[in-house]
Amino acid sequence: MKKIIMKTILAAGIAALAIPASAKTELQWWHAMGGRLGEVVDEIAKNYNASQSEYEIIPTYKGGYEDTMTAGIAAFRAKQQPHVLQIFDAGAATIINAPGAAIPVADLMKEHGKGFDSNDYIEGVRGFYADSAGKMIGMPFNSSTPLLYYNKDAFAAAGIANPPATWEEFEAMAPKLKAAGYTALAQSHSPWILSENFHSRHNIQLSTGNNGYDSTDVKILYNNDHMKMHWGKMKEWLDAGHYGFFGRAWGDNQDAFVQKKVAMWMGSSGSFGGLKKSTDFEFGTTFLPYWKSIIDEPKSTFIGGAALFAMSGKSDAEYKGVADFFAYMTNNENQVFWHKETGYVPITTAAYNMAKAEGYYDESPDAEIGILQLSQPGGEWTKGYRLGYYVQIREVMYKKYDDIFSGKSSVEKAFSEMETESNALLERFAATYK
Amino acid sequence: MKRVQFEHSTIPYLFIAPQIAIIAIFFIWPAGQAIHQSFLLEDAFGLSSQFVWFRNYVDTIGDAAWLQAAWFTTIFSALVTFLSLGIALLLAVKANEVIRGASTYKTTLMWAYAIAPPVAGLMGNLMFHPLIGDLYKFFNAIGWDFNHKLDSFDAGFVVVLIAVWKQVSVNFIFFLSGLQGISKAVNEAALMDCKSPTRRFWTITFPLLAPTTFFLMVINITYAFFETFGIIDTTTGGAPGGSTNTLVYKVFQDGFRGADLGGSSAQSVVLMIIVLALTIIQFRFIERKVHY
């Protein structure tokens, strides 16, 4: 009797061992794409799994960007990390400066025979997740860039033909919009739109050490005259009723645009699809305004959003699968699919050309504005930034902008405090990530 | 002569073992980890680490944002504790006197107890929404230039209001049962000696409620320190200008959002010490005045 039981257990054990050997290699992918975006992610994964028989990619939604990063970090520390982790722009320094946390995507692709040339990627995408030598560490995934949306009805009511190209033009038209019953402007992300991309648009250095790409031992340069001028204007506009502040939450400011309280709203190129559904008026998109007084020809903005990182500590066979999946995901068909479904920009020139050839931009010209802005001429300071504890630095920025708006601090004081507090954080980061 | 000694038995230890295990796993071990981590500067992924003595503590105490959060936490906790205890006591005393429809009143007052802090926060968020919030519109209509997105007083008002509203019902339940525990004979005897209901309350009822009040005070301060996290997170998120940031929310922001493990560990150890000190003070100085 005992023997029979033993045999049964043995047989069951062998059977259990045999099953995974014949099954597909599972690849975990943790992402932060909720709602409709999550559905598109699932669809891409499903299509990939159906397209081949060796690997199975398993996408898991882990909450917002910060939640996903924290979940990935906790899992890494417990040696349970996923194969692929989505990390957002502000978290890039945390993962890239932790030596050995992620496998550079350029190496991964080359090693597994997928080929990789960063020149395939469009200008504003290429540099952000790369190291100082230009080697791409993360695979850009959902990439967007800030744009200006404007309510065409409001502009018609105020008798204005075109949206503002420059802030000077904006200043001139704001009173007209006010007379027509609209607050001229709201926006949804002060650090991203009116600080980081403000520097890129005007080609201004953002931090020492090559915007942080060369070293972690850097100082922030936000406390500059251009920023102070702009935020002084912002406060003036707020007091004059030309700028509407509906709190820090992204959605509250976007809602103000949807509900026709404000005539213009600065948000993400990825907001396009959502706005199309929620608005009952005709709106257009255009490039982010710039100050003529600072720069004659504006430069490109850089991407926001997130990238996919191949986490270290996995087997070669698994990495082969990750490389295969990355190659699949960045092929033209999938890029165009992702672009159309979500409003995020295609990340390769080839995919962009394909969407153009299909006539996609003829039917919805607004969908092209983001890529056009990203493809504007770059400058020395347009590739982005790589700053540590940047999540906390953004927190500091939000606070100081609140203080300017509420009148608690002068512009001068707010930026000086921002500089001190940000540099203290950068110094902590540099001491931690040498 | 035989020494009197109780026989040692392992059974009592077995009985307390689950409790000890829970405390060890869910408190002592993580607290130890936090203390250990608070002396380190370590990258988020745990790949490199260095021992830095008290640097994280020095950075914490020297951080203007932390001091601001400490100050707000103090005011906020005092207000929430005082108001939610005061209002609950008043309601309990009044509800205790009601004869007709008493259970309706009581049930209505207890209702909010079932609501989790983040849900209370979300509800408050809707009511104070600048575009659709009824309370936002109401306050502005009565001439208060109310804007909690920019005015730190108004923002503080919002979080205190929601935190108090949420906590009143818990306190109400305890106060009511405390009141019902006071024997009728005592009340009747007091009634013969003193006509004034106010005086009767303060000299007889309130002292008899003291054990309940003390217990609730400890609970409420802990609530204001820790559990209001969900309310802060879903309403102001610490805005404007960090004026409604609490210490525990800052631990979360720096550790769970910002991946600064050493810094946020040091903050949580400091928070632990503060709450420990507060609890000791309460038991040493206030509990002495409580008669059970």
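1. The interface between the chains joins 28 residues of chain B to 36 residues of chain A, where two residues are in contact if their C-beta atoms, placed from the backbone, lie within 7 Å. On the side of chain B that touches chain A, the elements giving two or more residues are β1 (40–42), α3 (64–97) and α11 (247–257) of chain B. The largest share, 4 residues, comes from α11(B). Helices (H or I, at least four residues) and strands (E, at least two) are DSSP runs, numbered from the N terminus. By class, this side of chain B has 13 nonpolar, 7 polar and 8 charged residues; Ala, Val, Leu, Ile, Met, Phe, Trp, Tyr, Cys and Pro count as nonpolar, Asp, Glu, Lys and Arg as charged, and the others, Gly among them, as polar.

2. This is a predicted model, in which local features need pLDDT of at least 70, side-chain atom pairs count only at pLDDT 80 or more, and totals for chains, interfaces and linings use all residues. Residues are numbered from 1 along each chain as its sequence is written, and chains are lettered from A and ligands numbered from 1 in the order in which they are written.

3. Chain B has 12 helices and 2 strands, in the sequence order α-β-β-α-α-α-α-α-α-α-α-α-α-α. Along the principal axes, its C-alpha atoms fill a box of roughly 90 × 75 × 30 Å. Of the 292 residues in chain B, 33% are buried, that is, with 20 or more other C-beta atoms, placed from the backbone, within 10 Å of their own. Among contacts in chain B with a separation of 6 or more, 72% are between residues 24 or more positions apart.

4. Chain A is assigned domain 1 (2–144 + 303–374) and domain 2 (146–301 + 388–432), with bounds from an automatic or database domain assignment. The C-alpha centres of these two domains of chain A lie 30 Å apart. Their contact takes 21 residues from domain 1 and 24 residues from domain 2. On the domain 1 side, α4 (92–96), α6 (123–126) and α18 (369–374) of chain A each give two or more residues, and α18(A) has the largest share, 4 residues. That side divides into 7 nonpolar, 11 polar and 3 charged residues.

5. The largest nonpolar core has 171 residues; such a core is a set of buried Ala, Val, Leu, Ile, Met, Phe, Trp, Tyr and Cys residues joined through C-beta atoms within 7 Å. This core draws at least three residues from each of domain 1 and domain 2 of chain A. I87(A), A184(A), V262(A), A263(A), M264(A), F309(A) and A310(A) touch the most other members. Leaving out residues up to four places away in sequence, V262(A) touches residues including Y182(A), A184(A), G244(A) and F257(A).

How values were computed. A residue is buried if 20 or more other C-beta atoms lie within 10 Å of its own, exposed if 12 or fewer, and partly exposed in between; C-beta atoms are placed from the backbone.
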